[in-house]
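Subject: Structure for your files

Hello,

The structure is below, followed by notes on what was found in it. Please read the two together.

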Amino acid sequence: VEIFINSGGGSVFAASEIYTALKSYTGMTVAKIVGLAASAASVAAVGCKKVMITPPGMVMIHNASTEAWGDYHVMEQATDMLKNTNETIANAYRIKTGKTNEELLAMMDGETWMSSQKAKELGFVDEIMFENDAQLVASAGLSQLLPPEVINTMRNKLQNERALKAAQAQLNYLKLKGAIINE
């Protein structure tokens, strides 16, 4: 299963459901972050066995938020609920990244925005898409693109073709000069 993510997030409970479905799937799951995986979308992404990101993509994590209306008892309950929600989100990130809950909660407190490189460095993604393609294009020589035996075979073939063309040109020259009457 491949999922493509470009989302600013949404309900943490919907993200939890998506995360659980992806983690429960016995086959291979791949998340491709093609733009932004922010907030709840980052929770869904880390539910996949493999998480990839496009080079200009970003991941953002932050504390849970809600709206509450009522007296101070309601506000205290909302505060407790949000703290617990942060812990549950950090659990998903911890399983993916191997970071401690304390590290992750501090990152969430700071509303952390990560470039593709930073997200990979911190363990939120496994691979930056097209990274290997860029290395092949940037390669200085063919030796990293083709096996040596292929390069040697082509080199020998080109040398033989050049030698044959040179011999053919010499033969044509001699024919024109009349030095060779019969082949």
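Helix α1 passes α3 in a left-handed crossing; left-handed means that the near helix is turned anticlockwise from the far one by less than a right angle, and right-handed that it is turned clockwise. The model is predicted, so local features need pLDDT of at least 70 and side-chain atom pairs count only at pLDDT 80 or more, while totals for chains, interfaces and linings use all residues. Residues are numbered from 1 along each chain as its sequence is written, and side-chain values use heavy atoms, with hydrogens and water left out.

The axes of α1 and α3 come within 12 Å and cross at roughly 30° (axes are lines fitted to C-alpha atoms, for helices over the stretch in contact, and angles run from 0 to 180 degrees between N-to-C directions). The two helices, α1 and α3, are therefore roughly parallel (angles under 35 degrees). From α1, V12, Y19 and K23 meet T85, I89, A92 and I95 of α3 (contact means heavy atoms within 4.5 Å). By class, this contact of α1 with α3 has 5 nonpolar, 1 polar and 1 charged residues (Ala, Val, Leu, Ile, Met, Phe, Trp, Tyr, Cys and Pro count as nonpolar, Asp, Glu, Lys and Arg as charged, and the others, Gly among them, as polar).

T85 lies in helix α3 and counts as buried because its relative accessibility is 7% (buried is under 20% relative accessible area, with a 1.4 Å probe and protein chains only). Apart from neighbours within four places in sequence, T85 is in contact with V12 and A64.

Helix α3 also meets α4: their axes come within 9 Å and cross at roughly 115°, and the crossing is right-handed. N86, E87, I89, A90, N91, Y93, R94 and T97 of α3 make this contact with N101, L104, L105 and M108 of α4. Its residues divide into 6 nonpolar, 4 polar and 2 charged.

The largest nonpolar core has 32 residues, of which I33, V59, I61, Y93, M114 and F124 touch the most other members (such a core is a set of buried Ala, Val, Leu, Ile, Met, Phe, Trp, Tyr and Cys residues joined through side-chain atoms within 4.5 Å). Leaving out neighbours within four places in sequence, M114 contacts G57, M58, V59, I61, M107, A119, L122 and F124.

Overall, the protein has 7 helices and 6 strands (DSSP runs numbered from the N terminus, helices being H or I of at least four residues and strands E of at least two). Buried residues make up 32% of its 183 residues.

Regards

Notes: Buried means under 20% relative accessible area, exposed over 50%, partly exposed in between (1.4 Å probe, protein chains only). Angles under 35 degrees count as roughly parallel, over 145 as roughly antiparallel, 65 to 115 as roughly perpendicular and the rest as oblique.
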